[in-house]
Amino acid sequence: MKPDIEKLTNIATQVRRDIVRMVHQCQSGHPGGSLGCADYFTALYFHVLKHDSNFNMDGTGEDLFFLSNGHISAAWYSVLARSGYFDIKELSTFRKINSRVQGHPATHDHLPGIRVASGSLGQGLSVAIGAALAKKLNNDDRLVYTLHGDGELQEGQIWEAALFAPHNKVDNLISAIDVNGQQIDGPTDKVLSLGNLRAKWEAFGWDVLETNGNDMVELVATFDLAKSRAFKGKPIMILMHTNMGHGVDFMMGSHKWHGVAPNDEQLAEALAQLTCSTQDY
Amino acid sequence: MKKYTFTEKKDTRSGFGAGLLAAGKKNKNVVALCADLVGSLKMEAFIKEFPERFIQVGISEANMMGMAAGLTIGGKIPFTGTFANFSTGRVYDQIRQSIAYSEKNVKICASHAGLTLGEDGATHQILEDIGMMKMLPGMTVINPCDYNQTKAATEAIAEFEGPVYLRFGRPVIPIFTDPDQEFIIGKAWMVNEGKDVSIFATGHLVWEAILAGEKLAELGIDAEIINIHTIKPLDEEAVLKSVAKTGCVVSAEEHNRIGGLGDSIAQLLVRNNPTPQEYVAVDDSFGESGKPAELMAKYHLDCDAIVAAVQKVIARKKK
C-alpha cells in the first residue's frame, strides 16, 4: 500500500500534541524521547503493522510490537488510542491513580495493545525474540517489531539478546534503536559512550539499516526496505537517528527534557508549534 | 508413626527431567529453555524427543527469562532450566517485570537449590530463593520432596495457568512418595497424623522429618508431619487445623530462616493463632563447600536438628 505521507505527518503532529498535553496534565512523564519517536510510532501503527485493535494477547496472524524503553509510553498510548485500541479520552488519565494508562506500559490493568510490562530497561529485546520464536513454532509468518532507547543499550541483557538472535536466525524480527544521543544524566557520549553502533550490531550478525527517524518519507521507505529483508536469515536492526523533543523547538536536542513536564506557558508555546487537522482528546 | 520405606534413591532433578518429558508428550505447547546446563537439569530426554521445542540459550539467564515471557505470548508454555541461584537472584528484575507483573505463564525450574549442591560452595548454594520468589505477587512457589513428587509437580504446573517457581536439587535421596500420586498445587500432604507437635517440612527436609518422627516416637512424642510442597499459596487450612490440635510448630527447610517456609507459617499463625514455633533452617548465613550430608549436619538441617527443635518447642508449649 502506498503511504499517504501527508496523512501520516498529520497524525504524528496530533500524537505530539497528545504527548505534551498528557505530560502537562499530570505534570510528570517523559516528553523528550516520546516526541522524538512520534514519527516512528505513527508510521508503525498507521502504515507498517498488520494489527487488530480488537486486542488479542496472543496476536496470532498479526505483527507484534514491543516497546523496550517503556518511559516513552505517552507516544505509544497516543497511537494505540488513535488506532482504536481504546478511547482517546482515556489518555487524560495518564499517570493518574486508578488508571489503566500507567506511567510505564503494563499488562496488569489490561490496557489493550500492551503485551508485556516495560520500564526497567533492557528487557524488551529478549521478550520480542521469545515472541518471534513462538511465531516460528506456530508457523505464523507475521513479524515482530521492537523499539529501544540508545541509552538502554548500556544494559547487559541487550547484548545477551543481540548474540542470541543471529545465532538462532531469528529473521522475523525488526528492531529499532532511537539514536538521539541523550540520556538522563547527559549526552550518551559523556555518560557512557556507545561507540560505533553500526559496527557493533553488524559484528553481532544483524542486518543493519539507518534512517532519519524524524523524516516520514525516509522512515516509511526504511520500514518497507526492512520488511523486504526479513526472512533472509538475519534479524534486522534499524538505527533511527532522531532529535529528542522533535517538533517543539525549545525541547529539541537536549537531555533536559527527558523527564520534565512543561508548565502552562510552555504547553501553550508547544501546542502553537504543533498544528494539525484532527481533534485533541 | 506411619512406616515409610524406600527401595531406591534418586535426585529430584531427575524427577523434573522425567516430568518435563511427560508434560511435553501431553501438551505440544510445552517448550524448554536452558542456559548451558542441560545435563545438570536432566533435560536430555525432552530434547531428544522434541528437539524443535528446545531452545539452548547459552550462559544468558536474563535473556532466557525474557524470551520465556515472549514465548507465552504465542501460547507456548515455557519451562526455563538452570541452577536455583541463576534462576532467581541473578534475574530477579527480569522475572519481576517481564514475568510476574506481566502475568506470564512461565515455569521457572531451578535445580541445585540449597546447601545440598555441596562442593561448589556458597556462590552456587542459594538459600534466599524461596523468599525472593514468594514475595512476587502472583508467583506460585513449589519445593517438592522426592523424585516422584517432583515429577508429578512438573506435570501439574504445565496444566496450571500462571507463573511458577519450581525448586529442586542435586543429591540422591530416598523415593518415598507414590509414583502415581496426584499433585494438587497448594494442597499440603499429611505424612503422619500426630498430636504433640506439627512438623511442617518442605523439599529435602521431608525425609529428615520422617526419620525424626521415628526417633520422636521412641521418645514417646507423637509428631504430626505435614509436607508443605507448595509454599505459596500456602495451605492455610491444613496448617491451622494441625496447629489447633498440637499447639506447637517446627518448620523445616533447606533455606535461610529469614523469608522461607517458616516465616510464611509464622505470619499465618501470628494473625490467627499465635503458637510457639522453632525453625529448622539456615541461621542467616551463606553456605560453604562440603559433602551434602556434612553440610546438612553442620548447618543443623538434619533429623537430629528436627528432633532437638521438637523437644525445645514442646518445652515452650508447657510453660
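**Figure 1. Strand β5 of chain B and its parallel neighbours.** In this predicted model, β5(B) and strand β7 (residues 164–167) of chain B pair in the parallel sense over four bridges. Within that pairing, B:Val164 of β7(B) is the bridge partner of B:Lys107. Strand β4 (residues 77–83) of chain B also runs parallel to β5(B), and five bridges join the two. Here B:Phe79 is the residue that stands opposite B:Lys107.

**Figure 2. Burial of the two faces of β5(B).** The strand spans residues 107–111 of chain B, and five of its five residues are buried, so β5(B) is largely enclosed by the rest of the structure. In a regular strand, side chains alternate between the two faces of the sheet. One side of β5(B) carries B:Lys107, B:Cys109 and B:Ser111, the other carries B:Ile108 and B:Ala110, and both faces are covered.

**Figure 3. Helix α9 of chain B and its buried face.** Helix α9(B) comprises residues 236–246, and its buried residues are B:Val239, B:Ser242, B:Val243 and B:Thr246. Viewed down the helix axis, these buried residues fall within an arc of 95 degrees, so they line one face of α9(B). An α-helix has 3.6 residues a turn, so residues three or four places apart point the same way. The exposed residues B:Glu237 and B:Ala244 lie on the face turned away from the buried side of α9(B). The cover over the buried residues of α9(B) includes the strands β10 (197–201), β11 (223–227) and β13 (249–256) of chain B, together with helix α10 (261–272) of chain B. After α9(B) comes B:Gly247, whose phi is positive, near 75 degrees.

**Figure 4. The contact between the two domains of chain B.** Chain B is divided into domain 1, residues 10–174, and domain 2, residues 189–318. The C-alpha centres of these two domains of chain B lie 25 Å apart. To their contact, domain 1 of chain B contributes 27 residues and domain 2 of chain B contributes 31 residues. On the side of domain 1 of chain B that touches domain 2 of chain B, at least two residues each are supplied by α6 (129–134), β6 (140–142), α7 (147–159) and β8 (172–174) of chain B. That side of domain 1 of chain B holds 13 nonpolar, 10 polar and four charged residues.

**Figure 5. The contact between chain B and chain A.** This contact takes 22 residues from chain B and 27 residues from chain A. On the side of chain B that touches chain A, the elements that give two or more residues are α3 (61–73) and α5 (92–100) of chain B. Helix α3(B) gives the most to this side, with nine residues. By class, the side of chain B that touches chain A has nine nonpolar, 10 polar and three charged residues.

**Figure 6. Residue A:Lys7 in helix α1 of chain A.** A:Lys7 is placed in helix α1 (residues 5–26) of chain A. With 15 other C-beta atoms within 10 Å, A:Lys7 is partly exposed. Although A:Lys7 and A:Cys276 are 269 residues apart in sequence, their C-alpha atoms are 9.9 Å apart in space.

Figure 7. The secondary structure of chain A comes to 10 helices and seven strands. Its radius of gyration is 17 Å, close to the 19 Å that the globule rule gives for 281 residues, so chain A is as compact as a globular protein of that length. Along the principal axes, the C-alpha atoms of chain A fill a box of roughly 50 × 45 × 35 Å. Buried residues make up 52% of the 281 residues in chain A. Of the contacts in chain A between residues at least 6 apart in sequence, 75% join residues at least 24 apart.

For chain B, the secondary structure comes to 12 helices and 14 strands. The C-alpha atoms of chain B fill a box of roughly 60 × 40 × 35 Å, taken along the principal axes. In chain B, 61% of the 319 residues are buried. Among contacts in chain B between residues at least 6 apart in sequence, 81% link residues at least 24 apart.

Terms used:
Residues are numbered from 1 along each chain as its sequence is written. Chains are lettered from A and ligands numbered from 1 in the order in which they are written. This is a predicted model: local features need pLDDT of at least 70, side-chain atom pairs count only at pLDDT 80 or more; totals for chains, interfaces and linings use all residues. Domain bounds come from an automatic or database domain assignment. Two residues are in contact if their C-beta atoms, placed from the backbone, lie within 7 Å. Ala, Val, Leu, Ile, Met, Phe, Trp, Tyr, Cys and Pro count as nonpolar, Asp, Glu, Lys and Arg as charged, and the others, Gly among them, as polar. The radius of gyration is taken over C-alpha atoms; the globule rule is 2.2 Å times the number of residues to the power 0.38. A residue is buried if 20 or more other C-beta atoms lie within 10 Å of its own, exposed if 12 or fewer, and partly exposed in between; C-beta atoms are placed from the backbone. The arc is that of the directions from the helix axis to the C-beta atoms. Two strands pair if DSSP finds at least two bridges between them.
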